[in-house]
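Visitor: Please take a close look at one part of this structure, the interface between the two chains. What holds there, and how are the copies arranged?

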There are 2 protein chains.
Amino acid sequence: MRHHAFMHPLDEAIALQIAAPNEFKVATHPAYANMVGPFGGTTAAQLLQSAMLHPDRLGEPVALTVNFAAPVADGDIRFLARPVRTNRSTQHWIIEAHQAEGVVGTATAVFAVRRETWSDVEAVMPTNTPVPDAVPRMAVKGMPAWPQRYDMRFVDGAFPTVFDEQEQTHSRSCLWVRDEPERAMDFASLAAMSDSFFPRIYIRRRRRALIGTVSLTTYFHADSALLAQVGSRHVLGVAKALNYRHGYFDQTGELWSPEGQLLASTHQLVYFKD
Amino acid sequence: MRHHAFMHPLDEAIALQIAAPNEFKVATHPAYANMVGPFGGTTAAQLLQSAMLHPDRLGEPVALTVNFAAPVADGDIRFLARPVRTNRSTQHWIIEAHQAEGVVGTATAVFAVRRETWSDVEAVMPTNTPVPDAVPRMAVKGMPAWPQRYDMRFVDGAFPTVFDEQEQTHSRSCLWVRDEPERAMDFASLAAMSDSFFPRIYIRRRRRALIGTVSLTTYFHADSALLAQVGSRHVLGVAKALNYRHGYFDQTGELWSPEGQLLASTHQLVYFKD
């Protein structure tokens, strides 16, 4: 086989270089640009990757919380990743994202070496969902770069094509989603995908609003062996909002393997201005 | 009226003293002891309080993530609280909990000055719930100190009185809960109460397991004005697990005012050994 020079844009985006002990550098990636600055999911993946690439890393991520402290500017970004506590089977991280003007993001992560135990899914995966091939891909023409890096096929609760201000009774969505181009799933893609659910307020109110995620938490139920089984196939995403009040709302999401394993559950708090 | 010297144990537990710039000290409180060390909810309240008491604090908490990095020993505990980014209406914190042997916990918090906006609850509060007076209080005799600091009245999904190993189909609970003794609700009590839902694996499997919360995230939908309306009354708590796999499970909870306002939504990842 011929060697292909193609590198997936997500791999380019998370190709952090070690700049000093506990310090990594990279740049925001235009393929994941949002309306202003980069897609937060890519920043989350970069923050996580700084721990993944750290020489002292133990195990695999089980929990990640990212706080978006300030708008990230296009360009260079540095990550300070400190393993503040390493136990026998768990490791705790504090990570900061810096740009020229200061701290733009913070994160904490918990890594763990897992053991086999009794396991069970208590959340309920949507049933009677058509296969991905039976659902059209969301049109991404005219959208920022980042949604073009996902192949999203909405079964329910699509992003509105027009903001007709017809308020809905709820904000639930169900969609098949994968990286575009196809890419074998790993923790970086799962972390980024956890932020790929559109802000629920758009689905609910079908009107413009200024929004920004302030905090994003993802629990990784999958280990790398399970992610390898998923490969580059679509996974099923579901998302809903819980509460909107005085400038902030929260939403919660799940990412399911085609075989019905819950890969990740994810929660975020979003600023909004109406 | 006579002055009462009584101080609520939670107020004693969060009576942090400034030790140096960005540094606070206090001790674990025996009234909130768990089987080993203190109740994690009280530690979460202490971590939050270090930002609340900081002279540079802006606004009120909207998001808190606590990572329990190591068992907290009974005794002195120090908190390093840094406002790493202050914007016009938001502020981001990194907080560390230290004991003699090292870092025992980390936290990030987001504080904000809120504005009135369109607001709506999308989550569904349980209906047809009997009033607190109509539900007996959970017996706490023989339990560690911390559950005795709560008045819990289970409508559904009580903590099993015997571990009969009769596995249940789900782990959902619904209960009225308040501090015991009564105490007007504030962010400290709400943060602690977010960790007061018993680990779902006990409800689900009704058997012993070694467990420990590794990460706890709470979104505060209430501001102090709404908390003042709640006062010292019971609030309605609901909790359920999402997924158990290879040594970790996650659970999610909601705390509702009697009038149907969602005060907080809370999520945690728990280590377990079966």
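Guide: What follows is an account of the interface between chain A and chain B.

This is a predicted model, in which local features need pLDDT of at least 70 and side-chain atom pairs count only at pLDDT 80 or more, while totals for chains, interfaces and linings use all residues. Residues are numbered from 1 along each chain as its sequence is written, chains are lettered from A and ligands numbered from 1 in the order in which they are written, and side-chain values use heavy atoms, with hydrogens and water left out.

In chain A, 67 residues are in contact with 67 residues of chain B, contact being heavy atoms within 4.5 Å. The area buried between the two chains is about 6100 Å², and carbon and sulfur atoms give 51% of that area; buried area is the accessible area (1.4 Å probe) that two parts lose on being put together, summed over both. Of the area that chain A buries against chain B, 14% is supplied by W118(A), E122(A) and R245(A), more than by any other three residues.

The arrangement of the copies comes next. Chain A can be laid on chain B by a turn of 180° and a shift of 0.0 Å along the axis, with an RMSD of 0.0 Å; the superposition is by least squares on the C-alpha atoms of residues with pLDDT of at least 70 in both copies. The two copies are thus related as by a two-fold rotation axis. The copies meet through the same surface, because 100% of the interface residues of chain A are also interface residues in chain B.

Between chain A and chain B, 58 residue pairs are in polar contact, both residues being at pLDDT 80 or more. A polar contact is a pair of N or O atoms within 3.5 Å; within protein, one must be able to donate a hydrogen and the other to accept it, and residues adjacent in sequence count only if both atoms are side-chain atoms. On the side of chain A that touches chain B, strand β13 (residues 262-273) of chain A gives the largest share, eight residues. Helices (H or I, at least four residues) and strands (E, at least two) are DSSP runs, numbered from the N terminus. That side of chain A divides into 26 nonpolar, 22 polar and 19 charged residues; Ala, Val, Leu, Ile, Met, Phe, Trp, Tyr, Cys and Pro count as nonpolar, Asp, Glu, Lys and Arg as charged, and the others, Gly among them, as polar.

Over all chains there are 32 salt bridges, and across the interface of chain A and chain B there are ten. The rule asks for a side-chain nitrogen of Lys or Arg within 4 Å of a carboxyl oxygen of Asp or Glu. R204(B) and D120(A) meet in a salt bridge through their side chains (3.0 Å, N to O). This pair crosses between chains, from helix α5 (residues 200-205) of chain B, which holds R204(B), to strand β7 (residues 120-121) of chain A, which holds D120(A). Another salt bridge joins the side chains of R245(B) and D223(A) (3.5 Å, N to O).

Strands also pair between the chains. Strand β11 (residues 235-245) of chain A pairs with strand β7 (residues 120-121) of chain B in the antiparallel sense over two bridges, and two strands pair if DSSP finds at least two bridges between them. Within β7(B), D120(B) is the residue opposite Y244(A).
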